[in-house]
Amino acid sequence: NLRVTPRVDWGFIRRLRFAPVESQFDLNKNNELLNADISIRPFGFSTLHGDRVDFYFNRSYDWVESPYTIFNNIIDSGKYWFNFYSLSMSTTPGRTVYGGLQFNTGDFYNGKRNYFYTTATWPVTIHLTLNADYRYNKIRLPSGSFVTNEFGGSVRYDFSTMLYTSLFAQWNNELNELNLNYR
């Protein structure tokens, strides 16, 4: 990975953020490529308070060894390369309520995808934190189109730096069920 982050003094912009290349490659035991993600960030910046805006171009690879079904659409086995563009914005965790937004558009296996994600976190007290997030996908494949919605939320209580408890809840429109995880 290579990142360049020169400091500037351009109004509210304090740092430019470029990434000529960020990458991750996953290989199996025979050194065959299973997954890859190559990302170029031609432009991004952070503000005086630490808020960030980034634009990415991504090229991803996925080797689907066995066909699978998603919303009654079959993703055939094969080796897929696809491209998509991404814009993300996030606020610094130092704010009373902080969070982020992300938009993606581009290829998805042998079709197209538009993606949206948002999250918000509210540290109510030094002990109690609330979080909510939402993911949306609109996917168009040759065999059909579908939309996914996923809502999540969590409550975390820190008794000390050594002990905490949390409750996580998630719902999605494919299974139409609420899942809970308590720690």
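## Asparagine 131 and its surroundings

Beyond its neighbours within four places in sequence, asparagine 131 is in contact (heavy atoms within 4.5 Å) with Thr119, Ala120, Thr121, Gly152, Gly153 and Ser154. This is a predicted model, in which local features need pLDDT of at least 70 and side-chain atom pairs count only at pLDDT 80 or more, while totals for chains, interfaces and linings use all residues. Residues are numbered from 1 along each chain as its sequence is written, and side-chain values use heavy atoms, with hydrogens and water left out.

Asparagine 131 sits in strand E12, residues 128-141. Strands (E, at least two residues) are DSSP runs, numbered from the N terminus. Asparagine 131 counts as partly exposed because its relative accessibility is 21%. The scale is simple: buried means under 20% relative accessible area, exposed over 50%, partly exposed in between (1.4 Å probe, protein chains only). A polar atom of the asparagine 131 side chain lies 3.2 Å from the backbone oxygen of alanine 120. Tyrosine 98 is 33 residues from asparagine 131 in sequence, and their C-alpha atoms are 9.6 Å apart.

## A buried aspartate

Aspartate 133 also belongs to strand E12. Which side chain of opposite charge is nearest to aspartate 133? It is arginine 135, 4.9 Å away. Aspartate 133 is buried yet has no salt bridge. A salt bridge here is a side-chain nitrogen of Lys or Arg within 4 Å of a carboxyl oxygen of Asp or Glu. For charge, Lys and Arg count as positive and Asp and Glu as negative; His and the chain ends are not counted.

Leaving aside neighbours within four places in sequence, aspartate 133 is in contact with Tyr117, Thr118, Thr119, Glu150, Phe151 and Gly152.

## Salt bridges

The structure holds 10 salt bridges. One of them joins arginine 3 and glutamate 22 at 2.4 Å, N to O. Arginine 3 lies in strand E1 (residues 2-4) and glutamate 22 in strand E4 (residues 18-27), so the pair ties together parts 19 residues apart in sequence. Arginine 3 is exposed at 54% relative accessibility, whereas glutamate 22 is buried at 12%.

Lysine 112 and aspartate 107 form a salt bridge at 2.6 Å, N to O. Glutamate 150 and arginine 135 meet in another, at 3.4 Å, N to O. That pair links distant parts of the chain: glutamate 150 is in strand E13 (residues 144-158), arginine 135 is in strand E12, and they are 15 residues apart. Salt bridges that share partners also join Arg3, Arg17, Glu22, Arg41, Arg52 and Asp54 into one network.

## Rings

A search of the whole structure finds 16 aromatic pairs. Rings of Phe, Tyr and Trp (its six-membered ring) pair if their centres lie within 6.5 Å; planes under 30 degrees apart count as stacked, over 60 as edge-to-face and the rest as tilted. Phenylalanine 57 and tyrosine 85 have ring centres 5.3 Å apart and planes at 50°, so this pair is tilted. Phenylalanine 57 is in strand E6 (residues 52-64) and tyrosine 85 in strand E9 (residues 78-90), so the pair ties together parts 28 residues apart in sequence.

Ring pairs also link Phe103, Phe116, Tyr134, Phe151 and Trp171 into a cluster. Charges sit over rings too: lysine 79 lies over the face of tryptophan 63, 4.6 Å from the ring centre. Arginine 156 lies over the face of tyrosine 164, 3.8 Å from the ring centre. The test requires NZ of Lys or CZ of Arg within 6 Å of the ring centre and within 35 degrees of the ring normal.

Note on methods:
Helices (H or I, at least four residues) and strands (E, at least two) are DSSP runs, numbered from the N terminus. A polar contact is a pair of N or O atoms within 3.5 Å; within protein, one must be able to donate a hydrogen and the other to accept it, and residues adjacent in sequence count only if both atoms are side-chain atoms.
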